[in-house]
Amino acid sequence: MNLHDWIDELSDVLDVETEVDEGLILDIARTAAQNVQKTAAPITTYLLGVAAGARDADPETIERLAAKAQLLAESWDRPADAPDPDDIDDEVPDDSTVDHTGDEFED
């Protein structure tokens, strides 16, 4: 069985009618795996599929979405083991002795 057969069979099993540009998908997966981390490859292609499906995208739109994903992966500059900036536990100073009465806070 080759890749084209697999795509046809999988499309039948999943009951989807679509054209698959496997070269495009494999290029994005390769770039994500090399520039982000290996596990980014399937997640990237999955999210591209979700985005394409949500838009009922035609092949041209899928190519534009893929180009955005490709550009992001190519410009990714965080090593795979770098902590997520949102998850960094910055030390919070203890200001329990400071009187905050009358302080105004913005929402």
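1. Please keep in mind as you read that the structure is a predicted model. Every point below is therefore a description of that prediction.

2. **The largest pocket.** Let us begin with empty space. Rolling a probe the size of a water molecule over the atoms shows where such space is left. The largest pocket here has a volume of about 830 Å³. Its lining is made up of 27 residues, and those nearest the centre are Thr18, Glu19, Val20, Asp21 and Ile25.

3. **What lines the largest pocket.** How do the lining residues of the largest pocket divide into nonpolar, polar and charged? There are 16 nonpolar residues, five polar ones and six charged ones.

4. **The second largest pocket.** This pocket holds about 320 Å³ of space. Its lining has 14 residues, with Thr44, Leu47, Ala69, Leu72 and Ala73 lying nearest the centre. Helices H3 and H4 each supply at least two of the lining residues, and H3 gives the most, with six. By type, the lining of the second largest pocket consists of twelve nonpolar residues, one polar residue and one charged residue.

5. Leu3, Trp6, Leu10, Val13, Leu14, Val16 and Leu26 together make a nonpolar surface patch of about 650 Å². Helix H1 is the biggest giver, with five residues in the patch. Val16, another member of the patch, sits in the loop between H1 and H2. Val16 has a relative accessibility of 39%, so it counts as partly exposed.

6. How many salt bridges does a search of the whole structure find? The search finds two. One of them joins the side chains of Asp27 and Arg30, with 2.9 Å from N to O. These two residues are three apart in helix H2, which means that about one helical turn separates them. Asp27 is partly exposed, at 37% relative accessible area, and Arg30 is also partly exposed, at 43%.

7. Another salt bridge links Arg64 with Glu60, and their closest N and O atoms are 3.2 Å apart. Because Arg64 and Glu60 are four residues apart in helix H4, about one helical turn lies between them. Arg64, at 47% relative accessible area, is partly exposed. Glu60 reaches 54% and counts as exposed, since the exposed class is for values over 50%.

8. **Two positive phi angles.** Finally, have a look at the backbone. Most residues other than glycine have a negative phi. Asp15 has a positive value, with phi near 60 degrees. Asp15 is placed in the loop between H1 and H2, and its relative accessibility of 69% makes it exposed. Asp56 also has a positive phi, near 45 degrees. Where does Asp56 lie? Its place is in the loop between H3 and H4, and Asp56 is exposed as well, with a relative accessible area of 71%.

Terms used
Residues numbered from 1 in each chain as written. Predicted model: local features only at pLDDT ≥ 70, side-chain atom pairs only at ≥ 80, totals over all residues. Heavy atoms only, no water. 1 Å grid on protein atoms, 1.4 Å probe; cavity = no way out; pocket = protein on both sides within 12 Å on 5 of 7 lines; lining within 4 Å. Points joined across faces, edges and corners; volume = space filled by probe spheres on them. Nonpolar A, V, L, I, M, F, W, Y, C, P; charged D, E, K, R; others polar. Patch = residues over 30% accessible without salt bridge, like charges linked within 9 Å, V, L, I, M, F, W, Y side chains within 5 Å. Areas by Shrake-Rupley, 256 points an atom, 1.4 Å probe, with all protein chains shown as cover. Salt bridge = Lys/Arg side-chain N within 4 Å of Asp/Glu carboxyl O. Buried < 20%, exposed > 50% of the residue type's maximum accessible area, 1.4 Å probe, protein only.
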